[in-house]
Amino acid sequence: MEDSYKSNRCSDYLAVMILGASLAFAPSLFALDLTVTRTQDLAFGSFAAVNGGSITIGNFGSRTSTGSIWLNPSAGGTSALFSLAGDPDSTFAVMLPANGTVFLTGPGSPMPVSNFTSNPAGVDGRLDILGTGVVRVGATLGVSSGQIPGAYSGNFFITVNYN
């Protein structure tokens with residue numbers, strides 16, 4: 001009986017994706033510009049929201065949920081991926097969006113995206129000897145009880161600066 005309920009309920013799932021955008025700055029006239037290029041979007045995948053809860057995408061793409069949310073295993077989420085290029089072996093800092101500033105919009109009520117995390121985090125980034133690096137970003141999506149199924153999207157910005 002439980003399996004038939006899941007298969008019927010899962011036909012109304014939400015497909016959610018958030019697109020990442022980036023900003024980059026160079027603090028010195030002598031430094032190479034630090035460029036940031038989005039190579040993979042942050043996506044929460046598809047799911048069914050029974051009574052609401054949250055979905056978290058980790059920095060390396062792991063996906064978990066809280067509350068009454070069923071995660072569709074065949075349409076999982078992904079962490080955002082940004083490629084960096086700049087001065088070889090230089091350190092950098094990553095600044096992420098504050099809670100309450102990013103929302104996914106679609107056919108239902110807006111869903112907040114919060115608790116952004118990155119790897120590397122804060123001021124712990126370092127470009128390799130070729131001047132390249134990667135930043136991975138995850139976050140948590142808040143889902144309301146009775147969220148209307150459909151495609152939701154939004155944007156967020158990260159800032160990457162040399163230390």
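I began with charged pairs and found Arg126 and Asp89 joined side chain to side chain in a salt bridge, 3.5 Å from N to O. My criterion for a salt bridge was a side-chain nitrogen of Lys or Arg within 4 Å of a carboxyl oxygen of Asp or Glu. Arg126 sits in strand β9 (residues 125-126) and Asp89 in the loop between β5 and β6, so this pair ties together parts 37 residues apart in sequence. I took helices (H or I, at least four residues) and strands (E, at least two) as DSSP runs, numbered from the N terminus.

This is a predicted model: I read local features only at pLDDT of at least 70 and side-chain atom pairs only at 80 or more, while totals for chains, interfaces and linings use all residues. Residues are numbered from 1 along each chain as its sequence is written, and side-chain values use heavy atoms, without hydrogens or water.

Next I checked exposure, with buried as under 20% relative accessible area, exposed as over 50% and partly exposed in between (1.4 Å probe, protein chains only). Arg126 is partly exposed at 49%. Asp89 is partly exposed at 45%.

I searched the whole structure and got two salt bridges. Asp41 and Arg38 form one of them, at 2.8 Å, N to O. Asp41 counts as buried at 19% relative accessibility. Arg38 counts as partly exposed at 41%.

Then I looked up the largest nonpolar core. I defined such a core as buried Ala, Val, Leu, Ile, Met, Phe, Trp, Tyr and Cys residues joined through side-chain atoms within 4.5 Å. It has 31 residues, and Phe44 and Phe156 touch the most other members. Elements giving two or more residues include β3 (42-57), β8 (111-119) and β12 (155-162). β3 gives the largest share, six residues.

I followed β3 onward. It pairs with β4 in the antiparallel sense over nine bridges; I required at least two DSSP bridges for a pair. Ile57 has Arg63 in β4 as its bridge partner.

Last, I read pLDDT, the predictor's confidence in each residue, from 0 to 100. The protein averages 85, and 81% of residues score at least 70. Confidence is lowest in helix α1 (residues 2-9), at a mean of 36, and highest in β8, at 98. Residues 1-13 are below 50, and I noted 14 contacts (heavy atoms within 4.5 Å) there beyond near neighbours in sequence.
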